[in-house]
Amino acid sequence: MECILVMDYGGQYCHLIARRIRELGVYTEIISPQSMVKDLEDYGQRYNLKGLILSGAPKSVHDEGALRLSSDLMDYLSVKQIPVLGICYGHQLIADYAGGVVKPGGKKEYGITEVSIDEPDLLLRGLSDRESVWMSHSDTVEQIPPDYELLAHTDNTPVVAFKHKLSHIYGLQFHPEVVHTPCGGKIFNNFVHVICGCTGNWRIADFMTESVKEIKNKIGDGKAVIALSGGVDSSTAALLTHRAIGEQLVSVFIDTGLMRKNEPEAVRETFEQQMHLNFRFVDARARFFKALRGVVDPEEKRKIIGNLFIRVFEEVANNINASYLVQGTIYPDRIESGLKDAATIKSHHNVGGLPDVSGLEIIEPLRNLYKDEVRVVARELGLPVEISERHPFPGPGLAIRVVGKVTEESVAVVREADAIVEEEILLAGLDKSLWQFFAVLLPVKSVGVQGDERTYSYTIALRMVESVDGMTANFAEVSYAVLGGIATRITNEIPQVNRVVYDLTHKPPGTIEWE
């Protein structure tokens, strides 16, 4: 099977690169930057190794302890004639290794930038003379190495793309993997099919087969519990695991008191009455509110919730003699929680929030998939549409949509507001075009007039975004008529709220959730 490896230097978009390659029908694995020639030889024995991509990183090539390219590795790739593409930090690594000049940029570039194509070559074939691309860098390649040639530049960055004159070694300063680089798909297609010569023979069904086999081999005759929330991730993980080990799996739903309106009842109906997934319902509302009492810091909230989740699952597991905990963790959860060398953006309750010792071995069958890939698997497994197409909901639930202290009263307010948002978005027919839409309760009071009387009440922020994979997002340009209708309902139906605002922030610089 054809394979392109992605060397992960800790950039936030590393697995987006892998995802783009998979979309082109080529199997991809992420490898450590500490990988040696022997590791590549091992991959070469298992797969038809066709290319290597070097990811971005949150660091500079000039930082103390910065990872470098080894001559052994580059010599091996050259002898085997394996093409290399460096992206952002990877681009700078190649330049630094080959004798180019990398310096801190006089002006940092973040966001959409216009790039000028000087020489399209094979990598940039089919692009216009000027293209919009997504930049996120501070260091800049100021001088290309000997034996390399310039392919593109911007007004601020003299070397945006280059290639070796004789070998298939390329560098790009911008990020073709994000949706904000419209020509990114063409670039990856050129690298994968034209430069690497891949035919594209891998499908998501291959992932499912391998995943079931991996779970079966891992658990054997043992028992497992799965953290089932009813969302697409955990539901897909549950069906995959059930396909592997059947009744050895116990599906556990924990009612934390932090779910959406009527959600615990709906989950119970679906998985206990309809799907018969060996379902257990645990009412732990009092325990979660007690643990969160007085807590304000969002990272602490996430860690408290993650810890308590594990403790409850341990109790269930002990009762049935299970040794494994299956989770629906997907890649954005892991990368935002600081996977490997990546910067920690926020700790997801099922990743960064886990206690050091859980007493259970964790299995994450979806750990390298993005949300849209999980949806494909969910459809293949026959999950109902209301689950396979369900909008993302954070694992810590409404606790992180209450900015500040979490109480039963504050959660009740944001739950009602969230239900109104969902009803109005569905009524307007916008649910399929939006990645997420929800309400956030702010710890801000302001003066208002309701029923001819002065009020001093809370503020609800509305957050609605468009995205493909959750790693980047744009705020949605929802009409004032829809927004106004939502605001009117919230202020009329929820007495604790007298003001509604709309969040106009992209990701980055913001995240989708507020906490």
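The legends below describe close-up views of one predicted model.

Residues are numbered from 1 along each chain as its sequence is written, and side-chain values use heavy atoms, with hydrogens and water left out. Because the model is predicted, local features need pLDDT of at least 70 and side-chain atom pairs count only at pLDDT 80 or more, while totals for chains, interfaces and linings use all residues.

**View 1. Phe 288 and Phe 309 form an aromatic pair.**
Rings of Phe, Tyr and Trp (its six-membered ring) pair if their centres lie within 6.5 Å; planes under 30 degrees apart count as stacked, over 60 as edge-to-face and the rest as tilted. By this rule the model has eight aromatic pairs. Phe 288 and Phe 309 are edge-to-face, with 5.4 Å from centre to centre and 65° between the planes. The pair links distant parts of the chain. Phe 288 sits in helix H9 (residues 285–291) and Phe 309 in helix H10 (residues 298–320), 21 residues apart. Helices (H or I, at least four residues) and strands (E, at least two) are DSSP runs, numbered from the N terminus. Buried means under 20% relative accessible area, exposed over 50%, and partly exposed in between (1.4 Å probe, protein chains only).

**View 2. Phe 309 also pairs with Phe 313.**
The two ring centres are 6.1 Å apart and the planes lie at 15°, so this pair is stacked. Both residues belong to helix H10. They are four residues apart, about one turn of the helix. An α-helix has 3.6 residues a turn, so residues three or four places apart point the same way. Phe 313 is buried, with a relative accessible area of 2%.

Val 252 lies in strand E11 (residues 249–255). Its relative accessible area is 0%, so Val 252 is buried. Contact means heavy atoms within 4.5 Å. Val 252 and Arg 280 are 28 residues apart in sequence, and their C-alpha atoms are 4.7 Å apart in space.

**View 3. Arginines lie over the faces of Tyr 43 and Phe 438.**
A charge sits over a ring if NZ of Lys or CZ of Arg is within 6 Å of the ring centre and within 35 degrees of the ring normal. Arg 46 lies over Tyr 43, at 4.6 Å from the ring centre. Tyr 43 belongs to an aromatic cluster with Tyr 27, Tyr 47 and Trp 202. Arg 401 lies over Phe 438, at 3.8 Å from the ring centre.

**View 4. Helix H6 crosses helix H7.**
Two packed helices are described by the angle between their axes and the distance between the axes. The axes of H6 (residues 204–219) and H7 (residues 232–245) come within 8 Å and cross at roughly 60°. That makes H6 oblique to H7. Axes are lines fitted to C-alpha atoms, for helices over the stretch in contact, and angles run from 0 to 180 degrees between N-to-C directions. Angles under 35 degrees count as roughly parallel, over 145 as roughly antiparallel, 65 to 115 as roughly perpendicular and the rest as oblique. H6 passes H7 in a right-handed crossing. A crossing is left-handed if the near helix is turned anticlockwise from the far one by less than a right angle, and right-handed if clockwise. Residues in the contact include Phe 207 and Met 208 of H6, and Leu 240 and Thr 241 of H7.

**View 5. Helix H7 also crosses helix H12.**
The axes of H7 and H12 come within 9 Å and cross at roughly 45°. H7 is therefore oblique to H12. This crossing is left-handed. Val 232, Asp 233 and Thr 236 are among the H7 residues in the contact, and Lys 371 and Val 374 are among those of H12.

**View 6. H12 has buried residues, and Ser 388 contacts some of its neighbourhood.** H12 spans residues 371–381, and its buried residues include Glu 373, Val 377 and Leu 381. Their cover includes H1 (14–23), H6, H7 and H13 (385–388). Gly 382 follows H12, with a positive phi near 85°. Ser 388 is found in H13. Ser 388 is buried, at 2% relative accessible area. Leaving aside neighbours within four places in sequence, Ser 388 is in contact with Val 232, Arg 375, Ala 378, Arg 379 and Leu 383.
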